[in-house]
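Trainee: I would like to learn how to read a structural model at the level of single side chains. Could we go through one together, feature by feature?

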Amino acid sequence: SLTAVLDAIPKYHPELMNMTNSLIASVAEACKISAGSGLVATLDLNNVTAKSLRLFLMDCAPLQLLADRKRAHRVGLSKRLLARIVSLGGVHKVVTTADSSLPLDASIEEKNSGLSKLININPRASLPHPEWTLLHDAILIRAVTKHGWVDSQSTCLAIGNDKTIRWGSPFEVTEEGEKKKNGDVDPKAEEKFQADYYRLFSTASRAIKFLENINETFVDGMTAPVLNETRERLIKSYALFHDESDEKWKVNEDALKRILRPSHGKGPDDCEALPSRKKLIKRMRKLAMSFTGNAIPDSEKDEPPQDNTAGDTKVEAKNYGFHVIDQTDRHNILLAEMVKGQLLLKQATKVGVVKQYTGLLFDEIDARSKDLALSNGNDSLVRDHIQLYFNTCKKGARAAKNILRVMLGKDPVPSKSAKESLFATEDKKQSTSSAAKAALAKLKKKKAFTPADTALNRALSSFVEDKDGVKDCLSLTSTEILTLTVLASQGLPVYLDDWSSALAEVNDQDEDGEDFKIHFSTMGGIMQAAAEVWHSIARKKLETEILLTRDKPTISEKDQKKISVLKKDHDSKEMTLEEAKTYSADPLVFAKKCIMLVEAIRKNMGPVDLQYAGEKKIRQLNKSENGLGTKVLNWFSKDLQRWAGPLGVVDKHGNVISNTSITRAKDHPQSHDAALMTKRDCRTVYIQIAQQTRLRSVFIKHNLTRLSAELIPKVSRQSSFTMSDWEDRPAWWNSGMMEGSSCNCRDDLDLLVGILDYGYGGFDSMLQQDYSFCKHLAAEGNGSSTAFTRSTVQVRINHLTRELHGIDDTEEMMKLVQKKRKGESEKPSVNGKVKKAKSGGGIQSGLQAFFNKSKHSMAPTPTAGSKKQGTPPTSPEHSDIEVIEIDSDSSSDIKKRKHVVDCIGVAGKKQK
């Protein structure tokens, strides 16, 4: 020090004694404080001047600040630094207040417990860790008072390395954790843990299925932030991870056990690292704001609830009379996220998607009630309140959504109008539960059948919409409805050059495995078997009703009417059976009946738009006709004309005859009880028959090797196919898309082969086979098979058929062009020389066809004895199309007969 130096100088330099004494005396005189200097320490805040402030700082400020004020580069007193000083002042004040109420010899645990009682903060605000409690807040506050604010890296390292700071579980080993390490485990506690783990693992498995449904079905119904937040919370809450090997979500069982195991029982291997500096800063800022009285910004108040399953604090929420989901229970987090997703669905979401999401929510409520009771056991209240929202969301969105907000622990949004109620209410006259069950049952039932099956069942019930009217409906007999049912399942036999083989009996020894041909003779047998089933059902119903009324002394009018209806139904089914036997015995008559019947529904369904002009128009037509497009329908109408000529069902103008059993004369026994098909129903049935027939023609023409290696992979790369949406596509469909250099479309190929082998009528039997997609369905269980129905897969089949038709049609067009060029180049001239093709100029070849006389007038007269074939003008009697036939072994048509009969038996039950 300066005084020690001055005292040592005389010992070494006596000659400087007088100088040092004088210097010491002057310094002592300068350090004396005058009596009037004490007045400078006061500062009048109402009358502050620059001079008074400078004098106050010179008298009261630390020497470091006074020295810094004289430097050229002063320390900046920024707003951030001043705010940090204020925050630290508030933190030190709270710690002093908490310690003043405790004895001096209190332990650190008691001090932390006392400090935690003074913390008043929303427990959902910026939790650094899911198991963070107010006790951890108290420990963090004391660490800040010891090492400084946590915004610097050095401070955070000092706090983390300080062994005297005891953070407790889950960040360090506790006494019970040491017992676990030594193997001292309570058997009852371990048994309880295993039971809790089983229930939580079950909830995590349901969370995986929900994530898969979000990615496949509901991705367009929610905004990206909502989807990301939902995924993140479910992943953290249930320890989910995405397996890159098979692209599926799975449960990390070790991490799930660490989450579930009680915090006081965690061992050394279960300890977790302290939260990051960013999270600690955010939490500390909220604590400091609560101490200083500053308001928390609105953007930070409305944060989503964190996974605070171990929190010790709860915020009392206002009771609105609705069940509030306890989100501190980790089992309820999935249910809470699903309710939040229902709340945040877009208004433009389709009604079917909303119903499907609500169905998943009801399934989760049922699973929670069975797996683990809710916080207060009122699982029925949760279902009732969700049902109330679903029934009233269309009437008032705000009031209905307030129900979900209250269930999530949020405040309801007040209405703008004073007359509007805060929550939605429902008319007591309506039965909400029955209406919802009926809607869901109707949705499942609708997907269980194809649109054609539904149309035929509707026709049997003579159901006609008011907008269509009876005049626009096509009247058909029960035999004709049964014929259309068989055709809708399998399609028509494809017209080939050897068309008479479709009328002959089938020889199983001549069939090949890759031959997809069907025959009118076999279809007639299938129809006869179905008619026998129908007749048997009608006979049993009539006999049962007669037996019930036999012992009664008098038969009531109601019973007499019921017996009369059953008798009429039995007579019509008996007539159907007789006609079916006739068709089975004579395939030619059955073939004529099929062609005329399909032509009748084609004429009644309305026009087909074929104006493919512009990309927008093409996309529109590709989506039409249930995704089949209009080109396939046009091809099928030409195929009908090809059949009509050889069968002799054309009129004098060459048009296909479209006669049905019921005429204008009403002379048929079923004329007054006919099945009525509207234009829409006719179009629906015609689309399905056309799709099956066109798909069968492609598979007959091309072998399976080319289909699997070239055609179907080419379809998957078509832009028109990739833009076609299949909403119900399973996640595993065509999994492993790339194998070497070829596309793996095995599921698509097997689906097309299966639907041709078994038809839509044998769909359930097809699912029991060893196709690739059947193995996936069997692995997933019964839940997946209920979603994989005729209606859902028909969309995919229509898309594939449409694209295969386009590829095959283009190939045929190129063959015709090349053959025409080859014929013109080799055509001899008048002098016998070969005429060379023109290199350019002149009139295009082919335009002269518009100026020549018709060749029909110059057609040679058939010789005597030759049979004249009545072929319509559009029939390709001299077609240049080359049909490739492949001899292969296909399964017997008799085997397929049973599957179609099973489906037709269901349709018989729908008859009125």
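This is a predicted model: local features need pLDDT of at least 70, side-chain atom pairs count only at pLDDT 80 or more; totals for chains, interfaces and linings use all residues.

Trainee: Which ring does F590 pair with, and how are the two planes set?

Mentor: The ring centres of F520 and F590 lie 6.3 Å apart and the planes stand at 80°, so this pair is classed as edge-to-face, given that planes over 60 degrees apart fall in that class. The partners come from distant parts of the chain, with F520 in helix α22 (residues 520-550) and F590 in helix α24 (residues 587-605), 70 residues apart. F520 is buried too, with a relative accessible area of 0%.

Trainee: What would a stacked pair look like here?

Mentor: Take Y771 and F773, whose ring centres are 5.8 Å apart and whose planes meet at 5°, so they count as stacked, the limit for that class being under 30 degrees. Both Y771 and F773 are buried, and they belong to one aromatic cluster that also takes in W726, W732, W733, F763 and F788. In total, the count for the structure comes to 16 aromatic pairs.

Trainee: Where do charged groups sit over aromatic rings?

Mentor: Two cases can be inspected. The charged end of K257 sits over the ring of Y197, 5.4 Å from the ring centre, while the charged end of K573 sits over the ring of W534 at 5.0 Å from the centre.

Trainee: Let us turn to salt bridges; how many does the structure hold?

Mentor: The general idea is that side chains of opposite charge can pair when their charged atoms come close. In this structure there are 32 salt bridges. One of them joins R233 to E337, with the closest N and O atoms 2.9 Å apart. That pair links distant parts of the chain, since R233 is in helix α11 (residues 224-238) and E337 in helix α15 (residues 333-343), 104 residues apart.

Trainee: Is R233 buried or exposed, and what of E337?

Mentor: R233 is buried, with a relative accessible area of 9%, and E337 is buried as well, at 2%; the cut-off to apply in both cases is under 20%.

Trainee: What does D68 touch, beyond the residues up to four places away in sequence?

Mentor: D68 touches H73, R74 and V75 when those sequence neighbours are not counted. D68 is found in helix α4 (residues 63-69) and is buried, with a relative accessible area of 7%.

Trainee: Which residues form a nonpolar patch on the surface?

Mentor: L45, V48, L53 and L57 form such a patch, with about 360 Å² of accessible area together. Within this group, L57 has its place in helix α3 (residues 50-60) and is partly exposed, with a relative accessible area of 34%.

Trainee: Finally, how many helices and strands are there, and how many of the residues are buried?

Mentor: The protein has 35 helices and 6 strands, and buried residues make up 41% of its 912 residues. The protein exposes about 51900 Å², of which carbon and sulfur atoms supply 54%. Among contacts with a separation of 6 or more, residues 24 or more positions apart account for 73%.

Conventions. Residues are numbered from 1 along each chain as its sequence is written. Side-chain values use heavy atoms; hydrogens and water are left out. Helices (H or I, at least four residues) and strands (E, at least two) are DSSP runs, numbered from the N terminus. Buried means under 20% relative accessible area, exposed over 50%, partly exposed in between (1.4 Å probe, protein chains only). Contact means heavy atoms within 4.5 Å. Accessible areas come from the Shrake-Rupley method with a 1.4 Å probe; for residues, only the protein chains shown count as cover. Patches are made of residues with over 30% relative accessible area and no salt bridge: like charges are joined within 9 Å, nonpolar side chains (Val, Leu, Ile, Met, Phe, Trp, Tyr) within 5 Å. A salt bridge is a side-chain nitrogen of Lys or Arg within 4 Å of a carboxyl oxygen of Asp or Glu. Rings of Phe, Tyr and Trp (its six-membered ring) pair if their centres lie within 6.5 Å; planes under 30 degrees apart count as stacked, over 60 as edge-to-face and the rest as tilted. A charge sits over a ring if NZ of Lys or CZ of Arg is within 6 Å of the ring centre and within 35 degrees of the ring normal.
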